[in-house]
Amino acid sequence: MEKENVKLLSMWASPVCMRVKVALAEKDIAYEEILEDDLKNGKSELLLKSNPVHKQVPVLLHNDKPIAESTNIITYIDQVWPAKPFFPSCEYERSRARFLADYIDRKVYPAGRAIRGSPEDQVEAAKKEFLDILMYLDGTLGEKDNFNGDTFGFVDISLIGLTSWFPAYEKYGGFKLEDHYPKLAAWITRSWARETVSVSLANPEKILNFVMEIRKIYGLE
Ligand SMILES: N[C@@H](CCC(=O)N[C@@H](CS)C(=O)NCC(=O)O)C(=O)O
């Protein structure tokens, strides 16, 4: 059998990179993380060569073969290392998981970005939009421990990667998630207690400082 060689082209604050790191940790896969220094001011040759279409992180290099797009990478990881599956066995539930991960990508990520990047007079609308989007996820989680049910799966991994940024959204949106969605807030706390998550996600305080710097650049601070 070919010796496994796994590398992740990554950026420390990237929520989509963090979710891939959680997936790798959940499968107990050893990998080398190769960090991009500054995506705005220059990308490495390796990144440009590995993801010539989007030129974005994350990229997984598996035995030097590049795989791009975070949810695609997580699906690949699950198929190549099938122990502890990320997806439920029922086809319908699998399709629900893919739908929810897509919802998270299309909705949660941009809505959060709008809160921390909006001028003051637009923050209230951005906050409302973000909370409305999370309402659907809170309802979907319901009384379950994980989106996947008993195990921590594809949807859990897709969403938890974004949560290092949530305290920054709360600060700039002027709200507390647990006041609106205690079950979802409890899911975040529970998920962060997993070692696979805590070792993979950036410290929210560090993200907060990073957001402050970005806001200064855009004249929002
Ligand atoms: N849909 C992509 C999004 C990737 C993405 O937006 N990556 C950002 C970092 S969070 C990036 O590389 N930005 C640099 C750029 O777009 O030039 C995924 O899920 O992998």
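**A chat about F154 and the rest of the fold**

Guide: Let's start with F154, which is found in helix α6, residues 154-160. Helices here are DSSP runs of H or I with at least four residues, strands are runs of E with at least two, and both are numbered from the N terminus.

Visitor: Before we go on, what kind of model is this?

Guide: This is a predicted model, where local features need pLDDT of at least 70, side-chain atom pairs count only at pLDDT 80 or more, and totals for chains, interfaces and linings use all residues. Residues are numbered from 1 along each chain as its sequence is written, and side-chain values use heavy atoms, with hydrogens and water left out.

Visitor: OK, back to F154. Buried or exposed?

Guide: F154 counts as buried, at 3% relative accessibility. Buried means under 20% relative accessible area, exposed means over 50%, and partly exposed is in between, using a 1.4 Å probe and protein chains only.

Visitor: Which residues is F154 in contact with?

Guide: Leaving aside neighbours within four places in sequence, the list is T71, I74, T75, F86, F87, A97, R98 and A101. Contact means heavy atoms within 4.5 Å.

Visitor: And how far is F154 from D138?

Guide: They are 16 Å apart, C-alpha to C-alpha, and 16 residues apart in sequence.

Visitor: Let's zoom out. How many helices and strands are there in the protein?

Guide: The protein has 11 helices and four strands. Its radius of gyration is 17 Å, close to the 17 Å that the globule rule gives for 221 residues, so it is as compact as a globular protein of that length. That radius is taken over C-alpha atoms, and the rule is 2.2 Å times the number of residues to the power 0.38.

Visitor: What box do the C-alpha atoms fill?

Guide: Roughly 60 × 45 × 30 Å, taken along the principal axes.

Visitor: How much of the protein is buried?

Guide: Buried residues make up 48% of the 221. As for contacts with a separation of 6 or more, 69% are between residues 24 or more positions apart.

Visitor: New topic: the strands. Where is S10?

Guide: S10 sits in strand β1, residues 6-10. S10 is buried, at 1% relative accessibility. Not counting residues up to four places away in sequence, S10 touches C17, K21, E33, I34, L35, E36 and V57.

Visitor: V57 has a neighbour, P58. What joins the two?

Guide: A cis peptide bond, with omega about 5 degrees. Most peptide bonds are trans. P58 is placed in the loop between α2 and β3 (59-62).

Visitor: And what about α2? Which serine is found there?

Guide: That's S50, in helix α2, residues 45-50. S50 is buried too, with a relative accessible area of 10%. A polar atom of the S50 side chain lies 2.5 Å from the backbone oxygen of L46. Beyond residues up to four places away in sequence, S50 touches L9, V59, L61 and P66.

Visitor: Which residues have a positive phi without being a glycine?

Guide: D28 is one of them, with a phi of about 60 degrees, and E69 is another, at about 75 degrees. Most residues other than glycine have a negative phi.

Visitor: Where are D28 and E69?

Guide: D28 lies in the loop between α1 (15-26) and β2 (32-35), while E69 is found in the loop between β4 (65-68) and α3 (70-80). D28 is exposed, with a relative accessible area of 69%, whereas E69 counts as partly exposed, at 40%.

Visitor: One more glance at the helices. What about G112?

Guide: G112 is in helix α4, residues 91-117, and is buried with a relative accessible area of 0%. Leaving aside neighbours within four places in sequence, G112 is in contact with F130 and Y169.

Notes
A polar contact is a pair of N or O atoms within 3.5 Å; within protein, one must be able to donate a hydrogen and the other to accept it, and residues adjacent in sequence count only if both atoms are side-chain atoms.
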